[in-house]
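Hello,

Here is the structure I promised to pass on to you. Please open it alongside this message, and then read on for what turned up.

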Amino acid sequence: MCTRADAVVLDVDGVLVDVADSYRRAILESVEYVYDRTIRKADVQAFKDAGGFNNDWELTYAAALYVLATSEGYDDSIGEFTDRIAAEGGGLEAAETVVRDSIGARAFQRVADRWNCERLHDVFQQLYLGPELYRGLEGGEPDENLEDAGFIHDEPVLLEPATRDALVEEYNVGILTGRPKTEAEIALERVGLDETIPLEHRFTMDDWEEGKPHPHALTTLADRFDAETVVFVGDTLDDVRTATNAAEADPEREYHGIGVLTGGLTGADGRRKYDREGATAVLESVNELPLRLGN
């Protein structure tokens, strides 16, 4: 691919910063902390590939649901579980449907009685933010044995300064992320984009209800940029689906979904998955983008 874009929209996680030891670690350890059992690190990507889990809190809830369901006789593997979720349309509601249909109403009620999403969310935020940020952003007092948490500080920067400068000098640059606004701001400050990209050119979890792969955020950014050609760079299949859905919803513009191999999708297998989803291009990292755009 070598095309001239009017606007470049960037995801944050797995594109600008590496979240393998932050958000993804928080998913596993939240379930472990609350239920003394959890899924494997590699299993997180199976949920991502199923679709509808751009929100890592909801992925955590689905992982906990699976763990609880196995105690009631549910015996599908994670791969089988997530395949069935995908067949139901993806996301947390589909996960509930799969479990309910598999174990029956009575067993599902026993699972539901133990399935504490509020507690999972609270533990997740404690693990991810650490005590100081948790107090400031969530307004609570952390658990005593989580005082040393703070995975947000374990997010290496992926975006090189030269890439950042080339993109902001040559293109309209926007942000489209499933992060909450305050957590997105922390990441953007870390990569040096916080003062460069105005609020009206950012979409976070707080800015639209549907989340990816719904096209609303991407088409809205395209409209705000008055762009004819938009490139959206992400690290999941839902990111590519967002661009595809935007093209269907807004046929007057051209949208390109580009996948990077610095998130959960890696190597040859990651390339194949992106290609099957219709990605315009697959890059080793976002730092290849200026060259691929012809800059």
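Is strand β5 (residues 254–260) largely enclosed by the rest of the structure or largely open? It is largely enclosed, because six of its seven residues are buried, that is, under 20% relative accessible area. Please keep in mind throughout that this is a predicted model.

**The sheet**

Strand β5 belongs to an open sheet of six strands, which run in the order β3-β2-β1-β4-β5-β6 with parallel pairing. At the edges sit β3 and β6 (281–283), each of which pairs on one side only.

With β4, strand β5 pairs in the parallel sense over six bridges; one place to look is valine 230, whose bridge partner in β5 is tyrosine 255. To get from β4 to β5, the chain passes through helix α11 (residues 237–249), and this β-α-β crossover is right-handed. On to β6, then: β5 and β6 are parallel too, with three bridges between them, and here glycine 259 stands opposite valine 282 of β6. The chain goes from β5 to β6 by way of helix α12 (residues 267–277), in a β-α-β crossover that is again right-handed.

Leucine 176 has phenylalanine 203 of β3 as its bridge partner.

The largest pocket has a volume of about 350 Å³. It is lined by 21 residues, and those closest to its centre are Glu209, Glu210, Gly211, Lys212 and Pro213. Sorted by class, the lining holds eleven polar, six charged and four nonpolar residues.

Among the residues that line it are Gly14, Asp18, Arg24, Lys41, Asp235 and Thr262. Its lining divides into five polar, four charged and three nonpolar residues. This pocket also lies between domain 1 and domain 2, because both of them contribute to its lining.

**Some backbone details**

Lysine 212 and proline 213 are joined by a cis peptide bond, with omega at about 15 degrees. Proline 213 is in the loop between β3 (202–203) and α10 (216–225).

There are also two aspartates to check. Aspartate 36 has a phi near 65 degrees, which is a positive value in a residue other than glycine. You will find aspartate 36 in the loop between α1 (23–35) and α2 (43–50), and with a relative accessible area of 61% this residue is exposed. Aspartate 226 likewise has a positive phi, near 55 degrees. Its place is in the loop between α10 and β4 (229–234), and at 63% relative accessibility aspartate 226 counts as exposed.

Happy to go through any of this with you.

Best wishes

Methods:
Residues are numbered from 1 along each chain as its sequence is written. This is a predicted model: local features need pLDDT of at least 70, side-chain atom pairs count only at pLDDT 80 or more; totals for chains, interfaces and linings use all residues. Side-chain values use heavy atoms; hydrogens and water are left out. On a 1 Å grid over the protein atoms alone, a cavity is a set of points where a 1.4 Å probe fits but cannot get out, and a pocket is an open set with protein on both sides within 12 Å along at least five of seven lines; lining residues have an atom within 4 Å of a point. Grid points are joined across faces, edges and corners, and a volume is the space filled by probe spheres set on the points. Ala, Val, Leu, Ile, Met, Phe, Trp, Tyr, Cys and Pro count as nonpolar, Asp, Glu, Lys and Arg as charged, and the others, Gly among them, as polar. Domain bounds come from an automatic or database domain assignment. Helices (H or I, at least four residues) and strands (E, at least two) are DSSP runs, numbered from the N terminus. Buried means under 20% relative accessible area, exposed over 50%, partly exposed in between (1.4 Å probe, protein chains only). Two strands pair if DSSP finds at least two bridges between them. A crossover is right-handed if, with the strands pointing away from the viewer, the path from the first strand over the helix to the second runs clockwise.
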